[in-house]
Amino acid sequence: MDAQTTWFLLASGAVLAAAGALGGVARTRAPLAWHAHLPWNGAAFAGVAGVLFAAVHLFTLFRAG
């Protein structure tokens with residue numbers, strides 16, 4: 001995986017984590033709305049996992065050269 005792909009993973013993970021956090025807040029404000037049934041905790045977890053993976057990968061890319 002090159003640096004461009006890793007930057008894309010970092011950005012998309014950050015967007016997914018933010019969307020998951022905002023979706024969780026929206027679910028508590030309107031528990032009977034259509035978006036309350038979406039898996040916001042899973043989206044936030046996937047986003048944070050992607051950000052952590054990309055951050056570690058970028059660290060190893062920059063450390064190597």
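Colleague: Among contacts in the chain between residues at least 6 apart in sequence, what percentage join residues at least 24 apart?

Modeller: Good place to begin! Before the number, please keep in mind that this is a predicted model, where local features need pLDDT of at least 70, side-chain atom pairs count only at pLDDT 80 or more, and totals for chains, interfaces and linings use all residues. Residues are numbered from 1 along each chain as its sequence is written, and side-chain values use heavy atoms, with hydrogens and water left out. A contact means heavy atoms within 4.5 Å, and among the contacts you describe, the share that join residues at least 24 apart is 68%.

Colleague: How many helices and how many strands are there in the chain?

Modeller: Both are DSSP runs numbered from the N terminus: a helix is H or I with at least four residues, and a strand is E with at least two. Helix 1 covers residues 3–29, and helix 2 covers residues 40–64. The count for the chain is two helices and zero strands.

Colleague: What span should helix 1 have, and how far apart are its end C-alpha atoms?

Modeller: The expected span of a helix is 1.5 Å times one less than its number of residues. Helix 1 has 27 residues, so it should span 39 Å. The end C-alpha atoms of helix 1 agree with that, being apart by 39 Å.

Colleague: And how far does helix 2 reach from its first C-alpha to its last?

Modeller: Helix 2 has 25 residues. At 1.5 Å a residue, 36 Å is expected, and the reach of helix 2 is close to it, at 36 Å.

Colleague: What radius of gyration does the chain have, next to a compact globule of 65 residues?

Modeller: The radius of gyration is taken over C-alpha atoms, and the globule rule is 2.2 Å times the number of residues to the power 0.38. The C-alpha trace spans about 50 × 15 × 10 Å along its principal axes. A compact globule of 65 residues would come near 11 Å, but the chain has 15 Å.

Colleague: Which helix do the buried residues of helix 1 pack against?

Modeller: Buried means under 20% relative accessible area, exposed means over 50%, and partly exposed is in between, using a 1.4 Å probe and protein chains only. In helix 1 the buried residues are Thr-6, Gly-13, Ala-17, Gly-20, Gly-23 and Gly-24. In helix 2, the buried residues include Gly-47, Gly-50 and Ala-54, and these buried residues pack against helix 1. Turning back to the buried residues of helix 1, they pack against helix 2.

Colleague: Which residues does Ala-17 contact, leaving aside its neighbours within four places in sequence?

Modeller: Ala-17 sits in helix 1 and counts as buried because its relative accessibility is 18%. The residues in contact with Ala-17 are Ala-44, Gly-47 and Val-48.

Colleague: Which side chain is joined to that of His-57 by a polar contact?

Modeller: His-57 is in helix 2 and is buried, since its relative accessible area is 18%. A polar contact is a pair of N or O atoms within 3.5 Å; within protein, one must be able to donate a hydrogen and the other to accept it, and residues adjacent in sequence count only if both atoms are side-chain atoms. At 2.9 Å, the side chain that His-57 meets this way belongs to Thr-6.

Colleague: What is the angle between the planes of Trp-7 and Phe-62?

Modeller: The structure holds one aromatic pair. Rings of Phe, Tyr and Trp (its six-membered ring) pair if their centres lie within 6.5 Å; planes under 30 degrees apart count as stacked, over 60 as edge-to-face and the rest as tilted. Trp-7 and Phe-62 form a tilted pair, 6.5 Å centre to centre, with an angle between the planes of 50 degrees.

Colleague: How many residues apart are Trp-7 and Phe-62?

Modeller: Trp-7 is in helix 1 and Phe-62 is in helix 2, and their pair links distant parts of the chain. Trp-7 is partly exposed because its relative accessible area is 44%, whereas Phe-62 is exposed, with 56%. Counted in residues, the separation of Trp-7 and Phe-62 is 55.
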